[in-house]
Amino acid sequence: MFARAVFAATLCLAAPCLAQTQITPEAFLDQAVGKTLTFSGYKTGELVGTEQFLSRDKTVWARTDQHCTYGQIDVRGPLICFIYEDHPDPDNCWMPFIDGEGLTVISRNFDIQRITAITEKPVICEDAPLS
């Protein structure tokens, strides 16, 4: 509980705290499964990549270079974690938030990304899976 409070306090220093509400990974997945989300840098607005949520435990991540990789989703308390085939880091975890502008995710090292689009289009890349 203390770690979550410290995380939230530090978050306020890293990004505006105005009306930002933490949501559960399950609530995030309710909005993401069956969709493709576009992630952009919170401050820069630059495209980070797109992720197609195939199910509650499987994704396809497409980087800006259009290379794709499968990901496994692991929910750990308030965190949603992604372990990709080409980046098997078990600590690649994010805490989801919602505000008046939509969804935002924040990593353990305070990388902040905003979901700038949610569509039903599949990711676009040579090695994209069929589902």
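View 1. Glu101 is exposed, at 65% relative accessible area (exposed: over 50%; buried: under 20%; partly exposed: in between; 1.4 Å probe, protein chains only). This is a predicted model: local features need pLDDT of at least 70, side-chain atom pairs count only at pLDDT 80 or more, and totals for chains, interfaces and linings use all residues. Residues are numbered from 1 along each chain as its sequence is written, and side-chain values use heavy atoms, with hydrogens and water left out. Salt bridges link Asp99, Glu101 and Arg114 in a network (salt bridge: a side-chain nitrogen of Lys or Arg within 4 Å of a carboxyl oxygen of Asp or Glu). Arg114 meets Glu101 at 3.9 Å, N to O. Arg114 sits in strand β9, Glu101 in the loop between β7 and β8, 13 residues apart. Arg114 also meets Asp99, at 3.1 Å. Asp99 lies in strand β7, so this pair ties together parts 15 residues apart in sequence. Arg114 is buried at 11%, and Asp99 is buried at 14%.

**View 2. Strand β8 and its two partners.** Five of the six residues of β8 (residues 102–107) are buried, so the strand is largely enclosed by the rest of the structure. Strands are DSSP runs (E, at least two residues) and helices likewise (H or I, at least four), numbered from the N terminus. Two strands pair if DSSP finds at least two bridges between them. β7 (residues 93–99) pairs with β8 in the antiparallel sense over six bridges. The two form a hairpin with two residues between them. β8 also pairs with β9 (residues 112–119), antiparallel, over three bridges. Val105 is the bridge partner of Pro96 and stands opposite Gln113 in β9. The β8–β9 hairpin has four residues between the strands, and Phe110 there takes a positive phi near 70°.

**View 3. Thr59 in strand β4.** Thr59 lies in β4 (residues 58–63). Thr59 is buried, at 0% relative accessibility. Its side chain makes a 2.7 Å polar contact with that of Glu51 (polar contact: N or O atoms within 3.5 Å; within protein, one able to donate a hydrogen and the other to accept it; residues adjacent in sequence count only if both atoms are side-chain atoms).

**View 4. The largest nonpolar core.** This core has 16 residues; Phe28, Leu37, Phe53, Ile80, Phe82 and Ile115 touch the most other members (nonpolar core: buried Ala, Val, Leu, Ile, Met, Phe, Trp, Tyr and Cys residues joined through side-chain atoms within 4.5 Å). α2 (25–32), β2 (36–41), β6 (79–84) and β8 each supply at least two of its residues.
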